[in-house]
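Reader: I'd like to learn how to read a model like this one, feature by feature. Can we go through it together?

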Amino acid sequence: MVLDTAVYCSRLTAAVNVISKRNFKAHWVAPTLRELQRRKVIEEDRGGGPKIFHRSTFLEWNYDAEIFAFSNRLGEKFNDSSLRAALTHKSYIERETARLSDIGVESNLQFQDNEALAQKGGEIMSKFINGYLRAVFTQVPEELIRAMHDFLTSNPTLETVAKHIGLGDLMLCADFPCKTETYVKSFKAVVAALAESSGEERARIFVQDLVITQLYGQDVNELWNPVDPIGNLTAILKREGKAEPEFRLIRQAGSNSILAVYYVGVYSDKNFISEGAGESLEVAKEMAAREALKKFFHTEDSMRALPFGRQLKNIQSKIAQLENQPNVPLSEWISPKIMSAVH
């Protein structure tokens, strides 16, 4: 019995030692880790955030496989040479040429940069976007079409799209992280490469699915700020043979406080058109005029959702037809002219 107790105590001591080694660390470990974390935070703050490495620096990097996966991920068919050119920025060729020259190697790189493709892709994309907007927003003036077009083709919008489809890991450029202009140029070049590889119809659908969908959730009226909404409303009513707009105070609240709000209605020929609210009568009148213009242009907050995907199959021919046919400008906008253009 004494022997069994001794064996038991020995085994218990060994178990305690194993547990201690597993669950307890030396006193210096925690302070050291905290100090390393503090230095890491300071270094990242100095460098503008955590350092990001391009995928080409990874050991398992295979550019051919990445190109193949990119095409299949998008569900598009590209000519291999066109896609590679679309993803090659001229800064990459210049850097590689200089690097080879520095080590005494003749630089005869067989690379094509994406300058020409980006120029072509920008023109193609602009044409496709205009066609879609004019086919869907049939009753808005051309000025609003232009404002929406400029939003969709702006650098921030196209950079967002380019990042979301993973161009940052495929673009060959001298700088990383890549600049906004590099993202935009590469995306435009990809559009041109797709048009060359699979035809303009596939490129048009590609732009609709990736770029024009950035309008979803946007208030299109916020993209265009007419200088004189009351004057524009007056001019439209006059061209339609109606009386000038008459603004009437409907109700108000807190007029003697900093939270004052006024509701103004706009009428023409004693017919109610719309109403607006503001912190002063002048602001309320302007907002009422803007609401009236929304009704004329059919861009109210309750407007139908924009068509995408299969909903566009029946109007693709109309979109192609309107690519080079501008809407009526604001200075000539009148309901009968708009209705005749729609029908």
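Reader: Let's start with Lys-270: does it count as buried or exposed?

Author: First, some ground rules: this is a predicted model, where local features need pLDDT of at least 70, side-chain atom pairs count only at pLDDT 80 or more, and totals for chains, interfaces and linings use all residues. Residues are numbered from 1 along each chain as its sequence is written, and side-chain values use heavy atoms, with hydrogens and water left out. As for the labels, buried means under 20% relative accessible area, exposed over 50%, and partly exposed in between (1.4 Å probe, protein chains only). Lys-270 counts as exposed because its relative accessibility is 74%.

Reader: And where does Lys-270 lie?

Author: Lys-270 is in the loop between strand S2 (261-268) and strand S3 (271-278). Helices (H or I, at least four residues) and strands (E, at least two) are DSSP runs here, numbered from the N terminus.

Reader: How do I read backbone angles, and which phi does Lys-270 have?

Author: Most residues other than glycine have a negative phi, and most peptide bonds are trans. Lys-270 is not a glycine, yet its phi is positive, about 65 degrees. His-298 is another non-glycine with a positive phi, about 60 degrees. His-298 sits in the loop between helix H12 (281-297) and helix H13 (316-321), and counts as partly exposed because its relative accessibility is 45%. There's a glycine case too: Gly-48 follows H2 and has a positive phi, near 80 degrees.

Reader: What about Thr-299, buried or exposed?

Author: Thr-299 is buried, since its relative accessible area is 1%. Thr-299 is also in the loop between H12 and H13. Its C-alpha is 7.5 Å from that of Val-220, although the two are 79 residues apart in sequence.

Reader: Which residues does the cis peptide bond join?

Author: Phe-176 and Pro-177, with omega about 0 degrees. Pro-177 is in the loop between H8 and H9.

Reader: How many disulfides does the structure hold?

Author: A disulfide is a pair of cysteine sulfur atoms within 2.5 Å. The structure holds zero of them. Cys-173 is in none, and its nearest cysteine sulfur, that of Cys-178, is 3.0 Å away.

Reader: Last one: how do I read pockets, and how much space lies in the largest one?

Author: Rolling a probe the size of a water molecule over the atoms shows where empty space is left. On a 1 Å grid over the protein atoms alone, using a 1.4 Å probe, a pocket is an open set of points with protein on both sides within 12 Å along at least five of seven lines; lining residues have an atom within 4 Å of a point. Grid points are joined across faces, edges and corners, and a volume is the space filled by probe spheres set on the points. The largest pocket here holds about 500 Å³. Its lining has 19 residues, and the closest to its centre are Val-136, Phe-137, Arg-304, Ala-305 and Pro-307.
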